[in-house]
Amino acid sequence: MAAHRKPRQRSAGGNTVRTAATIALAGAATATGFDGTGHAEPNLTPAQVKAKVDKLYQEAEVATEKYNGAKEKAEAAEERLRTLRDEAARKTDKLNSARDALGSMAAAQYRDGGLDPALQLALSDDPDRYLEGAEFVERAGTRQAASVASVRRQLREIEQLRGAAHIELASLTSRQAELKRHKKTITGKLDAARRLLAQLPPEERAGDVQRASRSAGSGARDGLTAAGTAGAAGAAGNVQAPNSRAAAAVSYASSKLGSPYVWGATGPDAFDCSGLMQAAYRSAGISLPRTTYAQIDAGRRVARSELLPGDLVFFYSAISHVGIYIGNGQMIHAPNPSAPVRVAPIDEMPFAGATRVV
């Protein structure tokens, strides 16, 4: 019965990505620091500021990948919980129907019962007909016993489903708490980076972003998708992707050059690093896991010397950053909030490994 169905809960993620985008793209923070202080660090050179900012961005990306993993698990737990509740509701409807049938059977027996079978036989005008009826009653009793056993089995199944749903609810609650912790870490790191950048003169801050955009050459001009795609093709040179799907993934990533970095985003207009890879291969008909540390196991490992366009390239010991290789030592990636999706050399970060998805 519909009354037994549980109301659907809102997604564990909800508007998290939208909130993340707002936080990541907000202006310079004026709140207290991630470590509880809001004081600027004095006497840092622009190079020292940039080094600290880069470190904060990398730490934020580690937390972002943990956030992405927790979000994926929370969504899976929510889906399992919804399935269990729907199944419990269906079984409860079936159980209620079985109980109604048993009630009707019991009422009929009460109305027709009361005489000892031997006396009924003695008083019967047609003993042969009575004996046939007694055989039917015996068979009916057997069916009634089976119906009772079925009801009991259904009750046990429903209790098992409710127990499993309780476990999934606890898992979901835990994942949601984990999401909040990672979100706090990410926003704290990004706020700290913004405060550090705010210490620099305006021309130095602008220069830092320009250097990030220029580090791959003409292939990474903000907002110029066509020029960016041409730049990516130029960086790849004559190196060909091993198959049409890898080529399609590279083409998608090239079309997103200039798109902003937003942690937790998977497109179509903003991305984090693993979100861009997931979207690129999704456009080619291939489903990738959400996180860098899962994506590295999504295909066949390849050596750095064997890289081909479409291969995923990973960085840092925690496998916290990923790009898509386009040839000639270049990749397309979503770096961090200070730079949009761009072309960059794969040797600008500590190389950790590569995977060929198809």
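## The lining of the largest cavity

The residues that line the largest cavity divide into eight nonpolar, two polar and one charged. In this classification, Ala, Val, Leu, Ile, Met, Phe, Trp, Tyr, Cys and Pro count as nonpolar, Asp, Glu, Lys and Arg as charged, and the others, Gly among them, as polar. The structure is a predicted model, in which local features need pLDDT of at least 70 and side-chain atom pairs count only at pLDDT 80 or more, while totals for chains, interfaces and linings use all residues. Residues are numbered from 1 along each chain as its sequence is written, and side-chain values use heavy atoms, with hydrogens and water left out.

The lining is made up of Y57, A60, E61, T64, I186, L190, Y261, W263, P335, N336 and P337. Two elements, α2 (46-112) and α4 (127-198), each give two or more residues to it, and α2 gives the most, with four residues. Helices (H or I, at least four residues) and strands (E, at least two) are DSSP runs, numbered from the N terminus. A search of the whole structure finds one cavity of 30 Å³ or more, and about 50 Å³ of space lies in the largest cavity. A cavity is a set of points, on a 1 Å grid over the protein atoms alone, where a 1.4 Å probe fits but cannot get out; lining residues have an atom within 4 Å of a point. Grid points are joined across faces, edges and corners, and the volume is the space filled by probe spheres set on the points.

## The six-stranded sheet

An open sheet of six strands has the order β1-β6-β2-β3-β4-β5, with antiparallel pairing. The edges are formed by β1 (300-301) and β5, each of which has a single partner strand, so one side of each is left without a neighbour in the sheet. Two strands are said to pair if DSSP finds at least two bridges between them. Strands of a sheet pair through backbone hydrogen bonds, either parallel or antiparallel.

Strands β2 and β3 pair in the antiparallel sense over four bridges, and V313 stands opposite G323 in β3. Four bridges also join β4 and β5, again in the antiparallel sense, with I332 opposite V343 in β5. Both faces of β5 (residues 342-345) are covered: R342 and A344 are buried on one side, V343 and P345 on the other. Buried means under 20% relative accessible area, exposed over 50%, and partly exposed in between (1.4 Å probe, protein chains only). In a regular strand the side chains alternate between the two faces of the sheet.

## Aromatic contacts

A search of the whole structure finds three aromatic pairs. Rings of Phe, Tyr and Trp (its six-membered ring) pair if their centres lie within 6.5 Å; planes under 30 degrees apart count as stacked, over 60 as edge-to-face and the rest as tilted. One of the pairs is formed by Y252 and F271, which are edge-to-face at 6.5 Å centre to centre, with 90 degrees between the planes. This pair links distant parts of the chain, since Y252 is in helix α7 and F271 in the loop between α7 and α8, 19 residues apart. Both Y252 and F271 are buried.

Another edge-to-face pair consists of F315 and F351, at 6.0 Å centre to centre and with 80 degrees between the planes. F315 lies in strand β2 and F351 in strand β6 (residues 351-356), so the pair ties together parts 36 residues apart in sequence. F315 counts as buried because its relative accessibility is 0%, whereas F351, at 26%, counts as partly exposed. The charged end of R304 sits over the ring of F351, 4.9 Å from its centre. Such a contact requires NZ of Lys or CZ of Arg within 6 Å of the ring centre and within 35 degrees of the ring normal.

The buried residues are C273, S274, G275, L276, M277, Q278, A279, A280 and Y281. Just after α8, G285 takes a positive phi of about 85 degrees.

The peptide bond from G267 to P268 is cis, with omega near 5 degrees.

## Positive phi angles in two loops

Y316 has a phi near 70 degrees, a positive value in a residue other than glycine. Y316 is found in the loop between β2 (312-315) and β3 (321-327) and is partly exposed, with a relative accessible area of 22%.

N328 likewise has a positive phi, near 55 degrees, in a residue other than glycine. N328 lies in the loop between β3 and β4 (330-333), and at 48% relative accessibility it counts as partly exposed.

Note on methods
1 Å grid on protein atoms, 1.4 Å probe; cavity = no way out; pocket = protein on both sides within 12 Å on 5 of 7 lines; lining within 4 Å.
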